[in-house]
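Welcome! Please take a look at the structure below, and then we will walk through some of its features together, topic by topic.

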Amino acid sequence: MSDTAALVQLTAAEMAEKIRNKEVTSRELVEAHLAVIEAAEPQLQAFLKVSAQEALAQADEFDALSDEDKAKLPELAGVPIAIKDMIVTEGIETTAASRILEGWVPPYDATVIERLKAAHMPILGKTNLDEFAMGSSTEHSAYQNTMNPWNTECVPGGSGGGSAAAVAGFEAPLALGTDTGGSIRQPGAFTGTVGVKPTYGAVSRYGAIAMASSLDQIGPATRSVLDSALLYEVIGGHDKRDSTSIPEPVRPAAEAAREGAKRDLKGMKVGLIKEIGGEGFQQDVLDRFNECVKLLEDMGAEVVEVSCPHIGYALSAYYIVMPSEASSNLARYDGMRYGLRVMPPVDVPQTAANMMSYTREAGFGDEVKRRIILGTYALSAGYYDAWYGSAQKVRTLIIDDFNKAFDQVDVLICPTAPTTAFKFGDKIEDPMAMYVNDIATIPANLAGLPAMSIPAGLSGDGMPVGFQFLAPQKRDEVMYKPAAALEAALEEQWGGPVWKSMNTPWLEGLNK
Amino acid sequence: MSTFTREEITHLGDLARIALTEKEIVRMQDELNSIAESINTVQEVATDDVQPTANPVPLEAYLRPDVAQKPLTQEQALSGAPVKEDGMFVAPRILGEE
């Protein structure tokens, strides 16, 4: 095992500690990850753009700070990070994995990017995703497939497959994703990593390319619960540039994660969501889930079954609300001010309206067009009440269900996804089959709840399984404690993190 | 619940400003009808007594303090323009007449 391989396998918190102890510099961390990216990308294709020069410059800037200045920065200062290409970065091409934004270099930074820069966390590059974050496998990227580091014949999940694969494959210790219906958590489950969707409004969406504005939320992708907590604390908190940003400070997530690592859950009530699981769920996903429930009980938690009777309508409501809002948000890609412009063929009048139609036909992929058409229909006169209006009512019913559940318990649990990672091409031709994969992650988005997926072990064929925690709105810290406790208990059983079981040929041969 | 006809999809393509091809329309018709069948179950429980939710974490609307801020420069705002001239976006003609 080379020094580089050993370095990149540390958690972000461990890397940060090595920086503070002067055992490693930020530049050395960036160089190590750039070396892994170079070795791994031919097999993983997690990145759309690697910003090596920018990352090295940011690292040097941090390394040059005085000890006094460094001490004022967040704990993760100097640790590099990868960014889902759904978040705008000034001076670094941002595409949302769409042809319509090919070559677009944003003139401004998202709020989360400003906060990462203020924390002196170098940005390694932009990761692949389903076009405009629409999908559950990253196969809808207009540019490339991203491979699952556990088995390169399998998808890494989606839409944030690039961020999850980069973190799982040690190309980055940390990444940001966006989660509209599970796009951080489901790829986390598929790649054996931790993925967190904070409370809606807990992290600013300013500069997150909008898909479905009442559901979208930026959050961490990491290899440990504590790393996610630390990253959430860097990016979270009020931002006056996002009108849905909660005007309150970040929650004490890292403290809760550290408390959880003590593995004492006495007095905690955990609710098992009755309606998520059973039919449609892979047997070994349910087996791993049940084993984790037992571990929670062993640590003193009281686990009870709770019912959320309207959860069966969540998928339907989501696939009305999401395309409706997406069809409206994506109206901005009109070939006028930025992005692609395609003029109509010569026999068609060369008008602005026709230019828009041909630009959008050429620039959007199949899934994006499907959702725009569906959303346009759901919002059109005569259908609005039956579709969008009804879906909004279902959201109220689901929120009421969760409120009642949280009257009885502190935190809710269920599997993150019904299956482990599937093979390329398995679901791409059947939209409904792909949509059903989000059945366990969507309810949190509809209700604005914080939720996270952590590795629960492996399926019979050696692919990671995810375990999901959901907490009450605006109380994100509540889920970090049991998540960190379960993580610690599982790692003791496994004799180390879940990735110890993963083959990483790209890490061999580093430092030659 | 109405189903997606060919004409309807063509019309929606016009509304959404996407010049869908013949092949896309045919394929989308099947897909959208299958999706519509699955999702129209929302009406079973969306009764008159249920209030709709627009924002799951309701906040009071507020006004930002009226403080001048530096916006993008003209150069930055135009930096991604497909066509620009003399500090302006160039658009194709809006009306169809010759």
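**A buried lysine and its surroundings**

A:Lys84 counts as buried, because 33 C-beta neighbours lie inside 10 Å and 20 or more are enough for that label. Keep in mind that this is a predicted model. The predictor gives the complex an ipTM of 0.94 and a pTM of 0.97, and chain B has a mean pLDDT of 91, with 95% of its residues at 70 or more.

**The annotated site**

- The UniProt annotation "active site", from an unreviewed entry, covers A:Lys84, A:Ser159 and A:Ser183.
- These residues span 100 residues in sequence, yet no two of their C-alpha atoms are more than 10.7 Å apart, so they gather at one spot.
- A:Lys84 has its place in strand 2 (residues 81-84) of chain A.
- Setting aside residues up to four places away in sequence, A:Lys84 touches several residues, including A:Thr127, A:Leu129, A:Gly160 and A:Thr178.
- A:Ser159 sits in the loop between strand 3 (123-127) and helix 7 (161-168) of chain A.
- Is A:Ser159 buried or exposed? A:Ser159 counts as buried, with 35 C-beta neighbours inside 10 Å.
- Beyond four places in sequence, the contacts of A:Ser159 include A:Leu129, A:Asp130 and A:Ser183.

- Most residues other than glycine have a negative phi, and most peptide bonds are trans.
- A cis peptide bond, with omega about 10 degrees, joins A:Gly158 and A:Ser159.
- A:Lys22 is not a glycine, but has a positive phi of about 60 degrees. You can find A:Lys22 in the loop between helix 2 (12-20) and helix 3 (26-44) of chain A, where A:Lys22 is exposed, with 8 other C-beta atoms within 10 Å.
- A:Phe170 is not a glycine either, and has a positive phi of about 70 degrees. The loop between helix 7 and strand 4 (174-178) of chain A holds A:Phe170, which counts as buried with 27 C-beta neighbours inside 10 Å.

**The annotated domain**

- In the unreviewed UniProt entry, the annotation "domain: Amidase" covers residues 28-477 of chain A.
- That span is 38% helix and 13% strand, and its end C-alpha atoms lie 32 Å apart.

**Where the chains meet**

- How many residues of chain A are in contact with chain B? There are 60, and they are in contact with 46 residues of chain B.
- Helix 15 (385-408) is one of the helices of chain A that each supply at least two residues to this side, and helix 15 of chain A gives the most, with eleven residues.
- The side of chain A that touches chain B has 32 nonpolar, 19 polar and nine charged residues.

**Two crossing helices**

- Helix 12 and helix 14 of chain A pack at an angle of about 100 degrees, with their axes 7 Å apart.
- Helix 12 and helix 14 of chain A are therefore roughly perpendicular to each other.
- Among the residues making this contact are A:Ile320 and A:Pro323 of helix 12 of chain A, and A:Arg371 and A:Ile372 of helix 14 of chain A.
- The residues of this contact divide into six nonpolar, four polar and one charged.

**A loop aspartate**

- A:Asp426 lies in the loop between strand 9 (411-415) and helix 16 of chain A.
- With 16 other C-beta atoms within 10 Å, A:Asp426 is partly exposed.
- A:Asp426 and A:Val155 are 271 residues apart along the chain, while their C-alpha atoms are separated by 9.5 Å.

Technical notes:
Residues are numbered from 1 along each chain as its sequence is written. Chains are lettered from A and ligands numbered from 1 in the order in which they are written. This is a predicted model: local features need pLDDT of at least 70, side-chain atom pairs count only at pLDDT 80 or more; totals for chains, interfaces and linings use all residues. UniProt positions are given in the numbering used here, feature names are shortened, and annotations may be inferred rather than shown by experiment. Helices (H or I, at least four residues) and strands (E, at least two) are DSSP runs, numbered from the N terminus. Two residues are in contact if their C-beta atoms, placed from the backbone, lie within 7 Å. Ala, Val, Leu, Ile, Met, Phe, Trp, Tyr, Cys and Pro count as nonpolar, Asp, Glu, Lys and Arg as charged, and the others, Gly among them, as polar. A residue is buried if 20 or more other C-beta atoms lie within 10 Å of its own, exposed if 12 or fewer, and partly exposed in between; C-beta atoms are placed from the backbone. pLDDT is the predictor's confidence in each residue, from 0 to 100. Axes are lines fitted to C-alpha atoms, for helices over the stretch in contact, and angles run from 0 to 180 degrees between N-to-C directions. Angles under 35 degrees count as roughly parallel, over 145 as roughly antiparallel, 65 to 115 as roughly perpendicular and the rest as oblique.
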